[in-house]
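Dear colleague,

Please find below the structure that I am handing over to you. I would be grateful if you kept it open while reading the notes that come after it.

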Amino acid sequence: MSGPRPVLIIEDDSALAETLAEQLGHEGDFEPAVSASLADAETRLAGSGARFDLVLLDLTLPDGDGREFCTRLRRGGYRMPVIMLTGSDGEQDIVSGLDAGANDYIAKPFRMSELLARMRAQLRVYDSSEDAIFQIGPYLFRPSAKQLHDPSRGKRLRLTEKESAILKFLYRAGGKPVPRQILLNEVWGYNSHVTTHTLETHIYRLRQKIELNPADARLLVTESGGYRLELDPASSYAA
């Protein structure tokens, strides 16, 4: 919907890690990064403006256990899907991995087509949840926090509940125009006391927050009968 999805591969088998990164990059849907240790993975995840939509996590790393690392991720508030990669498919290993917070578990050796299918399935679930982080122009949008973060400027914007709901629905439209009445119904419900003027007021306030020049909107664009989001971070929205 808005460019390749960033994926962190935590795998100390250099040959496998290279193959995974190459195959995922070739797909065009993913932007892989590789960590050969848990320490390096922690550094990447904690980086300023870091965003990973999914983690592929080896069970056994040179500096620790993948299950313990997954538990730390969840305790630290990371909610992206985690798929564990392991050489063992024993029931106890699967159960312990899932109990640690992993979303799925796949045993080596595996078919790339199966891994891709599982990744896409997990991302579909993630994208429909409040835990997702979406890219909108220069911003990282966190619906659960009702917040937009512009890492390049160190800027954070707080959103109201309705503003967040508007952005979330427009994002999930995939850059396609959404008629005013549909957006109104989805955000406010079928309430006869709410008019399109209410929606237009919220759109105006949103533009005041997110646009460089609200009078010349580049992110929240007016279309015939409705609105759409410009999702391409490489669009003409620039300082």
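Predicted model: local features only at pLDDT ≥ 70, side-chain atom pairs only at ≥ 80, totals over all residues.

**Helix 1**

Helix 1 contains 14 residues, and the distance from its first C-alpha to its last is 20 Å, close to the 20 Å expected at 1.5 Å a residue. Its buried residues are Leu16, Ala17, Leu20, Ala21 and Leu24. Viewed down the helix axis, these buried residues fall within an arc of 130 degrees, so they line one face of helix 1. In general, an α-helix has 3.6 residues a turn, so residues three or four places apart point the same way. The face turned away from the buried side bears the exposed residues Ser14, Glu18, Glu22 and His26. The cover over the buried residues of helix 1 includes strand 1, strand 2 (30-35), strand 3 (54-58), strand 6 (82-86) and helix 5.

**The nonpolar core**

The largest nonpolar core has 68 residues, of which Ile10, Leu24, Leu56, Leu57, Leu115, Met119 and Ile166 touch the most other members. Helix 5 (residues 112-127) supplies the largest share of this core, with six residues. Once neighbours within four places in sequence are set aside, methionine 119 is in contact with Val7, Leu24, Phe30, Leu54, Leu56 and Ile83.

**Salt bridges**

The count of salt bridges comes to 19.

Lysine 108 and glutamate 11 form a salt bridge in which the closest N and O atoms are 3.0 Å apart. Lysine 108 lies in the loop between strand 7 (104-107) and helix 5, and glutamate 11 in the loop between strand 1 (5-10) and helix 1 (14-27), so the pair ties together parts that are 97 residues apart in sequence. Glutamate 11 is buried, with a relative accessible area of 2%, whereas lysine 108 is partly exposed at 25%.

Glutamate 27 and arginine 120 also meet through their side chains in a salt bridge, at 3.0 Å from N to O. Because glutamate 27 belongs to helix 1 and arginine 120 to helix 5, this pair ties together parts that are 93 residues apart in sequence. Glutamate 27 is partly exposed, at 32% relative accessibility, and arginine 120 is partly exposed as well, at 28%.

In the salt bridge between glutamate 163 and lysine 209, the closest N and O atoms are 2.7 Å apart. This pair links distant parts of the chain, with glutamate 163 in helix 6 and lysine 209 in helix 8 (residues 196-210), 46 residues apart. Glutamate 163 counts as buried, at 3% relative accessibility, while lysine 209 is partly exposed, at 26%.

Finally, a network of salt bridges links Arg5, Arg51, Asp53 and Asp127.

**Helix 6**

Helix 6 (residues 161-172) has 12 residues and spans 17 Å from its first C-alpha to its last, close to the 16 Å expected at 1.5 Å a residue. Glu163, Ser164, Ile166, Leu167, Lys168, Leu170 and Tyr171 are its buried residues. Glycine 174 follows helix 6 and has a positive phi, near 70 degrees.

**The hairpin of strands 13 and 14**

Strand 13 (residues 220-223) and strand 14 (residues 226-229) run antiparallel and are joined by four bridges. Leucine 220 stands opposite leucine 229 of strand 14. Two residues lie between the strands of this hairpin, in which glycine 225 takes a positive phi near 80 degrees.

With kind regards

Methods: Residues numbered from 1 in each chain as written. Heavy atoms only, no water. Expected span 1.5 Å × (residues − 1). Buried < 20%, exposed > 50% of the residue type's maximum accessible area, 1.4 Å probe, protein only. Pairing = 2+ DSSP bridges. Core = buried A, V, L, I, M, F, W, Y, C linked by side-chain atoms within 4.5 Å. Contact = heavy atoms within 4.5 Å. Salt bridge = Lys/Arg side-chain N within 4 Å of Asp/Glu carboxyl O. Arc of directions from axis to C-beta.
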